[in-house]
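Here is a brief report on one protein model.

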Amino acid sequence: MKVLLINPPRSPENNILKYAPEAARRFIHKKLIGPPLGLLTIASVVKDHDVVVFDMKGEYDLDPATPPLRELVTELVNRHQPDVVGVTVITSEFNDSVTICKGAKEVNPLIITVAGGLHATLLPYDFTDPSIDVVIPGQSPHLFRAIVEAKERGLPLDSVPGILTRTNGEFRKIPGDLPKRDPAGDDFLSIDRKHLTRWISTYKVGNSPFPSTYVYTSLGCPYQCTFCSIWTQFKGQYHQRQTESLIEELKSIPEYPVVRFADANTVVDIQFMHNLFDRIVEEGIEKTFVMDIRADVAANHPGIIEKMARGGLKVVICGFESFRDEELKRYKKESPAFDNQKAIEVFNNNGIMVRGNYVIPFDYLEDDFKALADYSSANPVVYAGYTILTPMPGTVYYKQISDQIIDRDYNKYNFFNAVTRTTLPYEEFHERVGALWLIKKGTDVI
């Protein structure tokens, strides 16, 4: 069977960038760079078939003259003649994912189209467009394989329990018993990054001359921040990978000297990270590591930060979120604002560059922006990010303020556009958020 797996293009919607002062625009985050690990996992589970992975983000970065999306889809389907087309979907790329499925069906109505990923897990019944045949929720690569096998054997899609598909005109989940799986443990699937060789030059962050890749050490998150969709995606479960599995993967990617651990929080089990970096040193693995680390972890466990710095940790993405304890409590962050300051000190003492991220509520007024600017200026980091507190579908925060949402265009759900009514005039609010990006120590962007 021929399988075509597509990573959709990024949403171009960015009102922070649009309304920001000219001096701030070069610093504002414009695109998330990195390989589609989810699609590579799917490719692994059907590696005995004819599989093509196509990274549209990488393609548009590689060649800005790449044809528009619908034309590109037509070209890809005609070239590869797939039996099954799969797309990975986050909310801001939902509309383009539907366009991909429509385009595939226009070329060949017999193609089976499959949607998976974050949005498919949290809101599977959003996929009402008839161009989408199957939705797979959760970490379920085995279900994708079952779909391919059903297509190969001429079986109906409703023979695959656990998927959502149309039966008798109704989009519903197919019942049946599913085996329990541990996607980070015994059921972990090794991936083949050779699928992405064409786009490796586009996986460079900031001014780095070297390509970077993602490696995940865990899935899920044990914390329950109201604005976050990761813990809801995994229903509060947390899955830690095995140390030797990670060592094997790190040794297998010499072409990637920069590795970002693509976790919600990389340092959850302190002893696990001690063991991992002991093994990294023992094996002589020399890479530049980038991680997401909570402020309270760094503040309370400076020893592990020091150890990881010696083992190659150079950049940390840290969700400061706010400078006010009352806001952090409202977000259920479980980390006081003072931890931000302590964490900055720990990271600075170990030569680690910090990307500190703040989220801006839609009701901020001039005094709130000034107070945040004063705090950020007094506690500067090399890189800084200021995005909008967004009610992402499937989160607790979405449920809390759903009645206040005025813009339900999914393209804008990427943290760079206010989708609720702002207390300040709309343009002024985004301009003030954009101006905050000037408060930083570095001149690069990550």
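## Strands, cores and a helix pair

Strand 1 (residues 2–7) is mostly covered, with five of its six residues buried. Buried means under 20% relative accessible area, exposed means over 50%, and partly exposed lies in between (1.4 Å probe, protein chains only). Helices (H or I, at least four residues) and strands (E, at least two) are DSSP runs, numbered from the N terminus.

This is a predicted model: local features need pLDDT of at least 70, side-chain atom pairs count only at pLDDT 80 or more, and totals for chains, interfaces and linings use all residues. Residues are numbered from 1 along each chain as its sequence is written, and side-chain values use heavy atoms, with hydrogens and water left out.

Strand 1 has two parallel partners in the table. Two strands pair if DSSP finds at least two bridges between them.

| Partner of strand 1 | Bridges | Bridge partners |
|---|---|---|
| Strand 2 (residues 50–55) | six bridges | Leu5 and Val53 |

The largest nonpolar core has 126 residues, and Phe144, Ile293, Met308 and Phe347 touch the most other members. Helix 2 (residues 37–45) gives the most to this core, with six residues. A nonpolar core is a set of buried Ala, Val, Leu, Ile, Met, Phe, Trp, Tyr and Cys residues joined through side-chain atoms within 4.5 Å. Leaving aside neighbours within four places in sequence, Ile293 is in contact with Val267, Ala298, Ile305, Met308, Leu313, Val316, Ile317, Cys318 and Phe347. Contact means heavy atoms within 4.5 Å. A second, separate core of 11 residues includes Cys225, Phe227, Trp231 and Phe362.

Helix 2 also packs against helix 7 (residues 141–153), at an angle of about 50° and with the axes 9 Å apart. Axes are lines fitted to C-alpha atoms, for helices over the stretch in contact, and angles run from 0 to 180 degrees between N-to-C directions. The two helices are therefore oblique to each other. Angles under 35 degrees count as roughly parallel, over 145 as roughly antiparallel, 65 to 115 as roughly perpendicular and the rest as oblique. Thr41, Ile42 and Val45 of helix 2 meet Pro141, His142, Phe144 and Arg145 of helix 7 in this contact.

Last, a loop residue. His29 is found between helix 1 (15–19) and helix 2. His29 is buried, with a relative accessible area of 16%. The C-alpha atoms of His29 and Val433 are separated by 12 Å, although the two residues are 404 residues apart along the chain.
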